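Hi everyone, thanks for coming. Let me put the structure up on the screen, and then I'll walk you through a few parts of it.

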Amino acid sequence: MRLLRGRAADPETDFQRTRKMAETVAEDREPALRVWRPHRQVAFGRRDTNNDGYERARRAAHDRGYTVIERAVGGRAVAYTGSTVSFSLAVPTENPRGTIDDRYEWAKAAVKRALDDCGITARTGEPDASFCPGSHSLQADGKIAGLAQRVRQSVAVVGGIVVVRDHEAIAEVLAPVYEALDVPFDPQSVGSVANAGGTDDPDQVIAALERSLADGRDVSVTAIRET
């Protein structure tokens, strides 16, 4: 398995680096994993960009010092403060849609193990009116993790976000964003690993996720440098 570490110099290049990782897996059939801290940004999904309030939502994020990124897949807006951790696991597959549920369950269990190593016990689900609402979330005194999956003909990518700290900052920027999009959002629904009694160190969370998502496989590390 290839393990990518670090991040590119700017949010857009960094975003493309993860996309390239998936394309490489589709070509050479070797699984790849990336766990990192994205730049300070708000990432909008396709449903957001088609919303009548999208331009106001963009301005709300930009005015609060967040770069705006647009994802090609669905889902609602997600905020990264610089301490927020993201992960992406790309695996080759011949029948990607036939095992979607199995991949979700495996990934949620892996993230739960990592969070346990970081000092908290998370459970499946999310509070009402959470950010980026979905069926594959984890909570502990608020939503702390959400998972998504993208499938292509020959590769499946399971990714997600873990809020390590700064839950108040995330709630502060997402409140006006979701208001502009006319999507229900309760700022109190945002949790974090630190707020639930676990570590506030993103590097510790990254290390725990790498161990759990690699699942005992031998890894070869590739560094992504900020240049």
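Quick housekeeping before that. This is a predicted model, so keep in mind that local features need pLDDT of at least 70, side-chain atom pairs count only at pLDDT 80 or more, and totals for chains, interfaces and linings use all residues. Residues are numbered from 1 along each chain as its sequence is written, and side-chain values use heavy atoms, with hydrogens and water left out.

Okay, the whole thing. The protein chain has 6 helices and 11 strands; those are DSSP runs numbered from the N terminus, with helices being H or I of at least four residues and strands E of at least two. The radius of gyration is 16 Å, close to the 17 Å that the globule rule gives for 227 residues, so the chain is as compact as a globular protein of that length. That radius is taken over C-alpha atoms, and the rule is 2.2 Å times the number of residues to the power 0.38.

Now, how do helices α3 and α5 pack? Their angle is about 170 degrees, and their axes are 7 Å apart. Axes here are lines fitted to C-alpha atoms, for helices over the stretch in contact, and angles run from 0 to 180 degrees between N-to-C directions. The pair is therefore roughly antiparallel (an angle over 145 degrees). On the α3 side, the contact (heavy atoms within 4.5 Å) is made by Y54, R56, A57, A60 and A61. From α5 come V173, P176, V177, A180 and L181. The contact residues divide into 9 nonpolar, no polar and 1 charged. For those classes, Ala, Val, Leu, Ile, Met, Phe, Trp, Tyr, Cys and Pro count as nonpolar, Asp, Glu, Lys and Arg as charged, and the others, Gly among them, as polar.

Next, the largest pocket. On a 1 Å grid over the protein atoms alone, a pocket is an open set of points where a 1.4 Å probe fits, with protein on both sides within 12 Å along at least five of seven lines, and lining residues have an atom within 4 Å of a point. Of the 43 lining residues, the closest to the centre are R71, V73, Y80, A148 and R150. Strand β9 gives the most to the lining, with 6 residues. By class, the lining has 21 nonpolar, 14 polar and 8 charged residues.

Last, the loops. C132, between β7 and β8, has a positive phi of about 40 degrees although it is not a glycine. D182, in the loop between α5 and α6, has a phi near 60 degrees, again positive in a residue other than glycine.

Conventions:
Parallel < 35°, antiparallel > 145°, perpendicular 65-115°, else oblique.
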